[in-house]
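This report goes through one structure, section by section. The sequence and the structure come first, and the text follows.

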Amino acid sequence: MGLDRSLCLFIAFLSYLVISVHGQATARPGPVSGTRIGFYATTCPTAETIVRNAVTAAFRSNPAIAPGILRMFFHDCFVLGCDASILISGANTERTAGPNGNLRGFEALDNAKTQLEATCPGVVSCADILALAARDTVVLTRGTSWQVPTGRRDGRVSVAANANNLPGPRDSVAVQQQKFSAVGLNTRDLVVLVGGHTIGTAGCGVFRNRLFNTTGQPADPTIDPTFLAQLQTQCPQNGDASVRVDLDTGSGTTFDTSYYNNLSRGRGVLQSDQVLWTDPATRPIVQQLMSPRSTFNAEFARSMVRMSNIGVLTGANGEIRRVCSAIN
Ligand code: HEM
C-alpha cells in the first residue's frame with residue numbers, strides 16, 4: 001500500500017517535470033529583455049544615420065570630440081550601467097564628478113537627440129545615441145565598424161559620488177582588474193578596451209607625478225629616457241596642468257595598435273597604461289595586440305559590445321528622455 005502510494009507520487013512528479021519542461025520550451029517569449037541589433041529598424045529606421053551624421057559634423061569642426069565621446073561612453077557604462085546617466089546636467093550629477101571634468105562631445109549628442117525627436121519623437125534613447133556615437137567615433141578615426149545592439153532606455157539617477165568606482169590613472173593592474181571584473185569584464189577586455197587610448201589626450205596634471213623627482217621619489221624608471229625628456233618639456237614641473245598630451249604618442253588621432261607598441265617601449269603616458277606592460281598578468285596580452293597579426297580591431301568591437309551591455313535598462317525600465325541633459 002505504502003509502495004503504491006510512493007509509486008503514484010513518483011509518477012505524478014515525473015508528469016509534472018515533463019509538462020513543465022515542455023511548457024517552458026514551447027512558451028511564448030515574455031517581454032523582450034536585453035539589447036538587439038536593429039532595435040529601431042521599424043520604429044525609427046533613420047536613427048543610426050542621424051546619429052552618425054551629427055557625430056561626423058561635430059568631428060569635422062572639432063576632431064577632439066571623437067576621443068571625448070569614446071571616453072564618455074566608458075564612463076557612462078561603468079557607473080550604473082549604460083543608461084546615459086553621464087549626460088544629465090545639474091548640481092552634484094555624475095557629470096560634475098572629478099574624473100568627468102574633461103569629457104567632451106556633449107553638444108554632438110544633444111544635436112543628434114534634437115534631430116531624432118523631430119523625426120521619431122519619444123523613440124530613441126540617449127543611452128543608445130551614446131552607444132552608437134561611440135562606435136562612430138572609432139570609425140571616424142579609422143578604426144573598424146561593428147553593429148551596435150540597441151534598445152537601451154535612459155536612467156533617472158545621476159549622482160557624482162557614484163563615479164568614484166571609475167578606474168584612475170595611478171591604479172595598479174590588480175585594481176584595474178578588480179574594477180573591470182566588478183562590471184563583468186575580464187582581463188582581456190581590460191587590455192583591449194584601454195586600447196581606446198590609441199586616440200585622444202591627457203592633461204599634464206594626471207601623469208606629471210611620474211616625471212620629476214619629488215619628495216625623494218625619482219622619476220618613474222619605467223619611462224623611456226628620451227620620452228621622459230619629451231614629456232618633461234611638454235609638461236614642466238610648475239607648468240599648466242591642463243596642457244594636453246597624446247596618449248598614443250606619434251599616432252594620437254588614428255585608431256590603431258601603435259598604443260600597444262608604445263607601451264612595449266616605455267612610452268605609455270599614464271602610469272595605469274604603462275603597468276599593463278610591466279605586469280606579467282597583462283604583458284602577454286599587450287604583446288599579442290601589438291603583433292603584426294593583431295586581432296585588436298575585432299576584439300575591440302567585441303569588448304565594446306560587452307561593455308555596452310553593462311547594467312542596461314530595457315523593456316519597461318527607465319524612460320526615453322526628451323532631452324539628454326535632463327530626466328523627463
Ligand atoms: C583602467 C582603465 C582606464 C583608466 C585608468 C583611464 C584613465 C584615463 C585618463 C586619466 C585619461 C585622461 C583624462 C584627461 O586628462 O582629460 C583618459 C583619457 C581617455 N580615455 Fe581612458 N582610462 C581607462 C580606460 C579607458 C577605456 C576602457 C576607454 C574606452 C574604451 C578609454 C578611453 C579614453 C579616451 C578616448 C581618452 C582621451 C579623452 C580625450 O582626449 O578627451 N579609457 N583615460
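What is the volume of the largest pocket?

## The largest pocket

The model is predicted. In it, the largest pocket has a volume of about 870 Å³. Its lining is made of 39 residues, and those closest to the centre of the pocket are Arg71, His75, His197, Leu247 and Leu270. Sorted by class, the lining has 20 nonpolar residues, 15 polar ones and four charged ones.

Several elements take part in the lining. At least two residues each come from α3, α6 (173-181), α7, β1, α10 (271-278) and α12. Of these, α3 gives the most to the lining, with six residues.

Which residue is the only protein donor of the iron atom of the ligand? The donor is His197, through its NE2 atom, at 2.0 Å. His197 is also one of the residues closest to the centre of the largest pocket.

In the chain, His197 is placed in a loop, with α7 (187-194) on one side and β1 (201-203) on the other. Both α7 and β1 supply at least two residues to the lining of the largest pocket.

## Packing of α3 against α12

Two of the helices that line the largest pocket, α3 and α12, also pack against each other. Helix α3 covers residues 65-77 and helix α12 covers residues 296-308. The angle between them is about 45°, and their axes are 10 Å apart.

On the α3 side, the contact is made by Leu70, Phe73, Phe74 and Cys77. On the α12 side, the residues are Phe300, Met304, Met307 and Ser308. How do the residues of this contact divide by class, and what number of them is charged? Seven are nonpolar, one is polar and none is charged.

## Positive phi in two loops

Two residues other than glycine have a positive phi, and each is in a loop. For Asn92, phi is near 65°, and the residue is found in the loop between α3 and α4 (106-119). For Arg142, phi is near 75°, and the residue belongs to the loop that joins α5 (126-140) and α6.

Definitions and conventions. Residues numbered from 1 in each chain as written. Predicted model: local features only at pLDDT ≥ 70, side-chain atom pairs only at ≥ 80, totals over all residues. Heavy atoms only, no water. Donors = N, O, S within 2.8 Å, 3.2 Å for Na, K, Ca; no water. Helix = DSSP H or I, 4+ residues; strand = E, 2+ residues; numbered from the N terminus. Axes fitted to C-alpha atoms, helices over the stretch in contact; angles between N-to-C directions. Contact = heavy atoms within 4.5 Å. Nonpolar A, V, L, I, M, F, W, Y, C, P; charged D, E, K, R; others polar. 1 Å grid on protein atoms, 1.4 Å probe; cavity = no way out; pocket = protein on both sides within 12 Å on 5 of 7 lines; lining within 4 Å. Points joined across faces, edges and corners; volume = space filled by probe spheres on them.
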